[in-house]
Amino acid sequence: MSETFDYDVFISHSSKDKAAVRDLVTRLKADGLRVTSGLRVKNRLERSRTLIPVMSANVSDSEWAIFESQALFFNDPTNQQRRLIPLRLDDTEPQLTLKQFAYVDWRHKSPDQYAALLSSCRPPAATMESSAEHKDELQPSRILNGHSGAVFNVAVTPDGRLAVSGSSDTTVRVWDVEAGRCIAKLEGHSNKVLGVAMTADGRLAVSGSYDGTVRVWELPSMEGKSVEGAEVTRYTNAKVLLVGDSGVGKSGLAVRLTEDKFEATVSTDAVWATQLKLPGEVSTEEIEREIWLWDFAGQADYRLIHQLFMDETALAVLVFNPRSENPFEGLGQWDRDLQRAARRRFRKLLVAGRCDRGGLMVSGGSVEQFIRERGFDEYLETSAYAGTGCAELREAIVTNIPWDEIPWTSSPRIFKLLKEEIIRLKDEGKVLLRMGELKQQLEMRLPGEAFTLEHWTVSGAGRGVAVGVRRLRAAHSGARQRVRGGRD
C-alpha cells in the first residue's frame with residue numbers, strides 16, 4: 001500500500017545557511033513541489049517523502065548529529081518510498097553516515113545539478129495523482145503580475161493565445177497566456193478601465209472606462225486606435241538598477257553614464273532616477289526604446305523600502321568597492337533582495353567602481369567564482385573619475401537588456417510629446433514647479449497642441465515629474481546626507 005506524504009521535500013540545514021536554502025525552496029516550489037525546511041522539526045520531517053540535508057562548513061557538530069539521526073530514519077529498509085539526497089554547498093566533506101550517499105553538487109548551482117535534484121524529488125506519477133485527488137481546490141498554473149491596481153475584467157482571444165485585462169490603474173494590458181508575461185501596456189484612458197471585450201475574430205480588443213470613453217485596440221499587431229482615431233505611439237521602457245553598498249561609486253557612475261562627465265556627488269538619499277540616452281540604432285521603426293537608470297541608496301535603512309521599487313527590473317548593475325576585503329557579503333544581500341522583489345527574469349552586471357583608487361583586494365579567482373555562482377552576465381572595472389571602463393559599461397547595459405521580453409507601451413501621441421518636454425525641463429534644472437506653472441511651460445513649448453492636466457498626470461509624462469521631484473529632493477537634502485569626500 002502506498003504511503004501518502006504531506007510534503008515532497010524536507011530540507012534540513014544549519015541556520016547559517018538559511019539564505020541559500022530559501023532560494024532553493026523558492027525554485028522547487030515554483031516547479032510544483034511541496035517543500036518545507038528547518039532542522040529540529042520532527043513532525044514535518046516524518047511527513048516528508050524526500051530528505052535533503054544541506055552540508056557546509058556552517059554545520060556544527062551537534063547539527064551533524066541531527067543529520068545522521070535523520071539519515072538513519074530515511075535509510076530504514078521499511079521506508080521504501082522515502083529518499084535521501086544530501087546537498088553540498090561548499091568543499092566540506094560529508095561526515096560518517098552521509099558519506100555513502102550520492103550527493104547533489106550545489107557549489108556552482110548548475111542547471112544540470114538542479115535538474116537532477118528536481119527529478120529525484122518528484123513523486124511517482126501514481127502518487128501525484130493520488131495526492132491531487134485529496135486537494136480541496138485547484139492551484140493556478142501561473143500568476144500574471146503587472147497591474148498596479150485592481151483588475152476589473154479579463155477577456156481571452158478565441159485561440160486562447162492572448163488575454164486582455166482592464167484595471168483601476170487606468171491601463172489595458174495584453175498577456176501572452178502560454179509564456180505567462182505581459183507583452184503590451186495600452187495607455188489612453190484617464191480613469192479606471194471598468195471592462196474589456198474581444199471581437200469574435202480575435203483581432204480587436206475594446207475597453208470602456210470611467211473617463212467616459214470607449215477605446216478600440218488592434219490585435220495582434222497591437223497598433224492601438226481609439227474610436228476618435230487618435231494617433232498613438234509605441235515605446236519600450238527598460239528599468240536598469242544601480243545597486244551596491246554606500247560609498248562604492250554608484251552616483252558617480254550614474255552621472256558619467258548619463259552626462260559623460262565627472263561630478264563630485266553626495267551619498268544618494270532613497271532613490272534617484274534619470275533617463276539614459278540611447279544611440280539611434282537601438283530603437284526600431286515600430287517601437288522606440290528608452291532606458292531609465294535608477295540609483296539606489298546603499299544605506300541599510302533603505303533596504304526594505306528599495307524592494308518596493310525593484311519590480312519590473314530589466315537589468316541590475318551591482319557595484320562594489322575593489323578596495324574592500326570582502327565585497328561579496330553585501331553584494332550577495334543585494335542579489336537576494338533583487339531576486340525576491342523582481343517580478344520577471346532580469347540580467348545582471350558585476351561592476352568594480354572607483355578603480356582609479358587601486359586594484360582588487362580580493363583575488364581574481366574569488367571574483368570569477370562569485371560571478372559563476374550568482375549568474376552574472378558580464379564583469380567590468382570602472383572609474384567615474386577617470387572615465388575608465390564607463391563607455392564599455394554603457395554598451396554592456398544597452399546590449400544586455402532583454403528588449404524582446406519587456407512589454408511595450410501604446411499611448412496617444414500627446415503623451416509622448418508631454419513626456420519629452422518634461423524631461424527637457426528637468427535637464428534644464430526646472431524640477432520643482434506648481435501645476436499651473438508646469439502647464440504654462442508646456443503650453444509655451446507645444447504651441448497648437450491641445451491637452452489637459454489629466455493627460456500628463458496619468459501618462460508617462462506625469463511620472464517624469466515625479467522623477468524630477470525625487471532628483472531635486474536627493475540633490476538638496478543635505479541635512480540628511482553624508483558627503484563622500486569629493487569623489488564618487
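Tutor: One aromatic cluster is formed by W294, F296 and F309. Rings of Phe, Tyr and Trp (its six-membered ring) pair if their centres lie within 6.5 Å; planes under 30 degrees apart count as stacked, over 60 as edge-to-face and the rest as tilted.

Student: Before we go on, what kind of model is this?
Tutor: This is a predicted model: local features need pLDDT of at least 70, side-chain atom pairs count only at pLDDT 80 or more, and totals for chains, interfaces and linings use all residues. Residues are numbered from 1 along each chain as its sequence is written, and side-chain values use heavy atoms, with hydrogens and water left out.

Student: OK. How many aromatic pairs does a search of the whole structure find?
Tutor: The search finds eight aromatic pairs. Take W64 and F67: their ring centres are 5.7 Å apart and their planes are at 80 degrees, so the pair is edge-to-face.

Student: Where are W64 and F67?
Tutor: They are in helix α3 (residues 61-74), three residues apart, so about one helical turn separates them. Helices (H or I, at least four residues) and strands (E, at least two) are DSSP runs, numbered from the N terminus.

Student: Are W64 and F67 buried or exposed?
Tutor: Both W64 and F67 are buried. Buried means under 20% relative accessible area, exposed over 50%, partly exposed in between (1.4 Å probe, protein chains only).

Student: And how are the rings of W294 and F309 arranged?
Tutor: Their centres are 6.3 Å apart and the planes are at 35 degrees, so this pair is tilted. W294 lies in strand β17, while F309 is in the loop between α7 (303-306) and β18, so the pair ties together parts 15 residues apart in sequence.

Student: What is the relative accessible area of W294?
Tutor: The value for W294 is 13%, so W294 is buried. F309 has 30%, so F309 is partly exposed.

Student: Which charged end sits over the ring of W294?
Tutor: That of K239, 4.5 Å from the ring centre. The charged end of K419 sits over the ring of Y235, 4.0 Å from its centre. The rule is that NZ of Lys or CZ of Arg is within 6 Å of the ring centre and within 35 degrees of the ring normal.

Student: New topic. Where is I397?
Tutor: I397 is in helix α10 (residues 390-400). Its relative accessibility is 0%, so I397 counts as buried.

Student: What is I397 in contact with?
Tutor: Leaving aside neighbours within four places in sequence, I397 is in contact with V240, L257, L276, I291, L315, V317 and L349. Contact means heavy atoms within 4.5 Å.

Student: How far apart are I397 and I291?
Tutor: They are 106 residues apart in sequence and 9.3 Å apart in space, C-alpha to C-alpha.

Student: Which residues of the largest nonpolar core touch the most other members?
Tutor: Of its 27 residues, I291, V317, L393, I397 and I401 do. The largest share, five residues, comes from α10. A nonpolar core is a set of buried Ala, Val, Leu, Ile, Met, Phe, Trp, Tyr and Cys residues joined through side-chain atoms within 4.5 Å.

Student: Why would they gather like that?
Tutor: In soluble globular proteins, nonpolar side chains tend to be buried together.

Student: How many residues of α6 are buried?
Tutor: Nine of its ten residues are buried, so α6 is mostly covered. Just after α6, D260 takes a positive phi of about 55 degrees.

Student: What about R122, where is its place?
Tutor: R122 is in the loop between α4 (111-121) and α5 (125-133). R122 has a relative accessible area of 33%, so R122 is partly exposed. Not counting residues up to four places away in sequence, R122 touches D31, L33 and R83.

Student: Last one. How much of the protein chain do buried residues make up?
Tutor: Buried residues make up 48% of the 488 residues. The secondary structure of the chain comes to 14 helices and 21 strands.
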